[in-house]
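Work through the following exercises with the structure open. Each task is followed by a solution in steps.

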Amino acid sequence: MSRLAVVCGGSRGIGMAVSRLLAARGCRVAVVSRNEETARACVASLHGVDHMWFGCDVSKEAEVQTTFAKIHTSCGAICYLVNAAGVNKDALLLRMKPEDMVQLLHTNLLGTMLTCRAALRSMLHAQGAAIVNIGSVVGLKGNTGQSVYSATKSGLEGFTRSLAKEVASRHVRVNLLAPGLIHTDMTAELRKDEGRRNIPLGRYGEPEEVAQAVRFLLESSYITGQVLVVDGGLQLNM
């Protein structure tokens, strides 16, 4: 039977590109998204059959537990988990609302912790099991006006490395992918010309390029606890 890949935040941006690539490579894909309409549309566009979608807010533990129980029951053991769900609200710390801080922390950091925890028992029964968490180059370098967002993504590095140590003996690999400026809804309002000047390769990345790096980490059987930066060289100028 083909491998089951769960992609959280899999209906838009980088997550959708990952869903499409994994489906094209023969995986059964379970798309998890807060927006059920976009999740359904994404699944309808995937190559092959037997793909499924699930509505879930990853920041809410009860929803995560219920959703992953449904996935395990209806789809079988999870082989791949990709955590691409995330939100961003930029502001200087002195202007950041506490409720926005909580939302960022709960979705970007706690949400990944909850989905990993919910998926792991299922993944222990799959051969070649792997997790890829999506961080950000901002989490490695920091950026003005993104202190809270940066903290959530930086937290993913410590979480990923620690979890990789915890589950290596059970043959589950865990890695972090840190994209730079990628053409998605999240970067739609940025000043593209200014951004390009800071990127040595001279352009924003495409979601499909990030998806290729995710696939590499999922399929590389001797890589765990690592951070792969996909940013066109942006961090060199940060």
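**Exercise 1.** Determine how the axes of helix 1 and helix 8 are oriented in this predicted model, and list the residues in the contact.

*Solution.* Step 1: the two axes approach to within 8 Å, with a crossing angle of roughly 60°. Step 2: angles of 65 to 115 degrees count as roughly perpendicular and those under 35 as roughly parallel, so helix 1 and helix 8 are oblique to each other. Step 3: the crossing of helix 1 with helix 8 is right-handed. Step 4: helix 1 contributes G13, I14, A17, V18, L21 and L22 to the contact, and helix 8 contributes P207, E208, V210, A211, Q212, V214, R215 and L218. Step 5: by class, the residues of this contact are 10 nonpolar, two polar and two charged.

**Exercise 2.** Compare the span of helix 1 with its expected value, then find its buried residues and what they pack against.

*Solution.* Step 1: helix 1 covers residues 13-24, which is 12 residues. Step 2: from first C-alpha to last it reaches 17 Å, close to the 16 Å expected at 1.5 Å a residue. Step 3: with under 20% relative accessible area as the cut-off for buried, the buried residues of helix 1 are I14, G15, A17, V18, S19, L21, L22 and A23. Step 4: the elements that these buried residues pack against include strand 1 (4-8), strand 2 (28-33), strand 4 (80-83) and strand 6 (173-179). Helix 2 (36-45) and helix 8 (207-219) are also among them. Step 5: just after helix 1, G26 has a positive phi of about 95°.

**Exercise 3.** Is S45 buried or exposed, or in between?

*Solution.* Step 1: S45 lies in helix 2. Step 2: its relative accessibility is 37%, so S45 counts as partly exposed. Step 3: S45 and R20 are 25 residues apart along the chain, and their C-alpha atoms are separated by 8.0 Å.

**Exercise 4.** Describe the packing of helix 4 (residues 98-123) with helix 6 (residues 147-167).

*Solution.* Step 1: their axes come within 9 Å and cross at roughly 15°. Step 2: helix 4 is therefore roughly parallel to helix 6. Step 3: helix 4 passes helix 6 in a right-handed crossing. Step 4: on the helix 4 side the contact residues are M101, L104, L105, N108, L109, T112, M113, C116 and L120. They meet V148, Y149, T152, K153, G155, L156, F159, L163 and V167 of helix 6. Step 5: the residues of this contact comprise 13 nonpolar, four polar and one charged.

Key:
Residues numbered from 1 in each chain as written. Predicted model: local features only at pLDDT ≥ 70, side-chain atom pairs only at ≥ 80, totals over all residues. Heavy atoms only, no water. Axes fitted to C-alpha atoms, helices over the stretch in contact; angles between N-to-C directions. Helix = DSSP H or I, 4+ residues; strand = E, 2+ residues; numbered from the N terminus. Parallel < 35°, antiparallel > 145°, perpendicular 65-115°, else oblique. Left-handed = near helix turned anticlockwise from the far one by under 90°. Contact = heavy atoms within 4.5 Å. Nonpolar A, V, L, I, M, F, W, Y, C, P; charged D, E, K, R; others polar. Expected span 1.5 Å × (residues − 1). Buried < 20%, exposed > 50% of the residue type's maximum accessible area, 1.4 Å probe, protein only.
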